[in-house]
Amino acid sequence: MPFLELQNLQKTYPDGTRAVRGIDLRVDKGEFIVLLGPSGCGKTTTLRMIAGLEDPTGGQITLDNQNVTHLPPSQRDVGFVFQFYALYPHMTVQKNIAFPLENIGTSPSEIEAAIDRVARALSIETLLDQYPRQLSGGDQQRVSLARAMVRTPDIYLMDEPLGTLDAEHRLELRAFIRRQQLSLSITAIYVTHDQEEAMSLADRIVVMDGGKIRQIGSPSEIYTHPADLFVANFVGSPGMNLLSGQIVQNGDNLTFTRPDTDIHIPIRANTAPAQVVFGMRPEFIRPANRGIPGKVILSEYLGSHGYVHVDTPIGELVMRSTDRFATGEKIHLHLNETHIRLFDPDTETALT
Amino acid sequence: MRVKDGVLKYGFVGPALVFLIAFNIFPLFYNIYLSFTDAELSGGVTQLIGGRNYGVIFDDTRYGTALRTTGLFVVLAVATELILGFALALALQKPFWGKPAITTILLVPMMLSPAVMGLYWNFILNGHYGVVNQALSVFGLFQPQWLTDPDLKLFSILMIDIWMWTPFMMLIALAGLNAIPNHLYEAAAIDRASRWTVFRRITLPLCSPLLFLAVLLRTTDALKQFDLVMAVTGPNDRATQTLSALLYQVMFRGYKIGLGSSYSIVILLIVIALATIFIRYIAGIQAKQGRETA
């Protein structure tokens with residue numbers, strides 16, 4: 001029995017917007033799940049339905065063997081971290097953190113001990129007497145995390161908690177959340193549109209688009225074996241190189257090619273001649289003495305590495321490279337054939 | 001031709017400044033001057049008599065009575081209006097069918113002239129032919145003499161004032177309630193706060209600065225209560241004589257301009273004192289919440 005189960009969960013707003021169109025998800029205790037998708041994909045609505053902040057218009061939510069589908073938040077044991085902190089502006093940091101404990105009748109001495117514990121964990125001991133308005137965004141989000149963690153709820157729900165922070169605070173808090181997760185093995189659902197955040201935090205990533213789940217899998221599964229073209233393109237920065245063309249019989253071998261070119265890429269996968277979309281991650285392409293000829297049209301330098309956009313007879317390819325190339329430079333590309341991914345152009349789903 | 005910024009500045013502010021000086025600043029200081037004279041409307045030579053008028057005020061039993069009447073009126077009127085107005089605002093906080101129409105109807109009393117309202121209520125509360133007593137007679141109930149019974153007169157004026165100004169409190173309270181971001185209620189729901197806790201620890205404290213502002217405005221206004229008294233009982237009824245009514249009686253019925261001026265100065269000082277206390281208090285709350293001070 002999974003700890004949290006969503007069955008055909010749906011949300012249609014009164015204006016007819018179908019934010020969530022039937023979601024099935026099973027989460028085990030201690031799992032850290034990240035809902036990843038572009039804005040408007042329904043990930044936040046899904047999270048808010050799990051919290052009880054939105055009432056589902058269809059489907060069922062089961063949490064810890066209890067059907068909580070239409071229960072108010074107060075009758076589920078959830079902690080929620082809001083994107084914009086949602087701290088009580090008229091209460092000090094201390095009072096903010098104490099609030100959830102006071103509501104369940106915790107004794108003052110226990111409250112004090114609990115505040116002490118989370119404040120230390122989040123390094124906000126010195127801020128306890130301040131008001132939220134006096135704190136930086138990063139510190140406000142720490143307080144918000146503290147407020148959610150001071151009680152030990154069944155499940156933590158986090159709605160883009162790092163979305164509004166600057167890069168430095170984001171990395172720091174991300175590491176903190178990951179450490180907490182590893183040491184306390186909390187069950188958490190975390191919403192983000194930032195794939196790097198999703199990769200670094202998640203046990204499993206749920207990629208969503210258009211109110212539906214596109215793929216559920218570990219970060220490496222999602223990255224190396226995207227289930228469809230959307231995931232292939234959305235995950236990874238830049239996304240996977242995708243070229244539409246066909247697989248043809250070339251002597252004994254199958255090769256991928258495109259019209260108006262005599263370039264053939266050998267395909268080892270067990271497949272048949274067909275129209276396909278050919279996919280390859282930028283890191284599996286490298287410069288070589290021989291191979292596909294091309295001309296550098298754009299070179300992005302990112303410090304430790306860079307991305308080189310190359311115009312070739314089979315289309316534009318992006319290559320990850322530690323070498324630097326000048327715009328206009330003529331080079332040859334080698335494609336690592338073991339990392340070819342093929343997709344059906346009609347269903348957009350993966351073939352290999 | 002280019003006009004210099006400095007000249008332009010005074011060009012814009014000038015007219016308003018002239019009006020302010022002519023109709024506010026000058027009368028204020030002239031009033032202070034008059035309060036130290038024995039000026040009378042009936043003529044005669046005006047002489048400076050020092051603080052004697054203020055001595056007269058504090059010896060006058062009418063003054064003490066008017067002060068008590070005004071104080072009672074202010075406290076009862078403002079407190080009732082606050083409670084009723086806030087309750088109505090809470091009821092109107094969530095959308096429901098017919099809310100816009102109900103809100104509009106509730107605001108009507110506030111939009112009418114107090115003098116007209118006084119006359120209107122004179123008819124409604126009239127002991128013989130008023131609607132209220134006619135309704136009571138249908139059910140065979142006791143018919144109070146709302147406007148002539150000395151024990152009831154002030155109560156009647158109070159009722160009219162509450163009827164008129166509760167919508168004002170409601171309006172400001174609604175603004176306060178609407179300014180509370182919804183995510184705080186969501187956070188409180190996640191934090192398992194009961195409805196009462198949400199009201200006591202979220203809604204009320206976050207709404208209170210605006211409520212205090214409404215109380216300040218209503219208090220300073222109620223302290224000057226005059227038009228309803230004038231319309232319902234006239235200015236010289238001991239049961240309902242507020243400070244402003246007494247001032248009117250002294251100044252425009254007794255023609256004692258000097259004495260009347262000193263009355264007005266006393267009222268002004270009371271209003272300023274109360275306003276200062278309130279404003280300090282509101283600023284204190286806002287500073288505590290880390291907001292910009294208004």
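**Chatting through chains A and B**

Me: How many residues does each chain put into the contact?
Reply: The contact takes 20 residues from chain A and 16 residues from chain B. Two residues are in contact if their C-beta atoms, placed from the backbone, lie within 7 Å. This is a predicted model, where local features need pLDDT of at least 70 and side-chain atom pairs count only at pLDDT 80 or more, while totals for chains, interfaces and linings use all residues. Residues are numbered from 1 along each chain as its sequence is written, and chains are lettered from A, with ligands numbered from 1, in the order in which they are written.

Me: New topic: which residues have the most contacts inside the largest nonpolar core?
Reply: Ile33(A), Val34(A), Ala146(A), Leu157(A) and Val206(A), in a core of 96 residues. Such a core is a set of buried Ala, Val, Leu, Ile, Met, Phe, Trp, Tyr and Cys residues joined through C-beta atoms within 7 Å. Buried means 20 or more other C-beta atoms within 10 Å of a residue's own.

Me: And what is Val206(A) in contact with?
Reply: Leaving aside neighbours within four places in sequence, Val206(A) touches Leu25(A), Ile33(A), Val34(A), Leu35(A), Leu36(A), Ile213(A) and Ile216(A).

Me: How many helices and strands does chain B have?
Reply: Chain B has 12 helices and 0 strands.

Me: What share of chain B is buried?
Reply: Of its 294 residues, 28% count as buried.

Definitions and conventions: Buried ≥ 20, exposed ≤ 12 C-beta atoms within 10 Å, placed from the backbone. Helix = DSSP H or I, 4+ residues; strand = E, 2+ residues; numbered from the N terminus.
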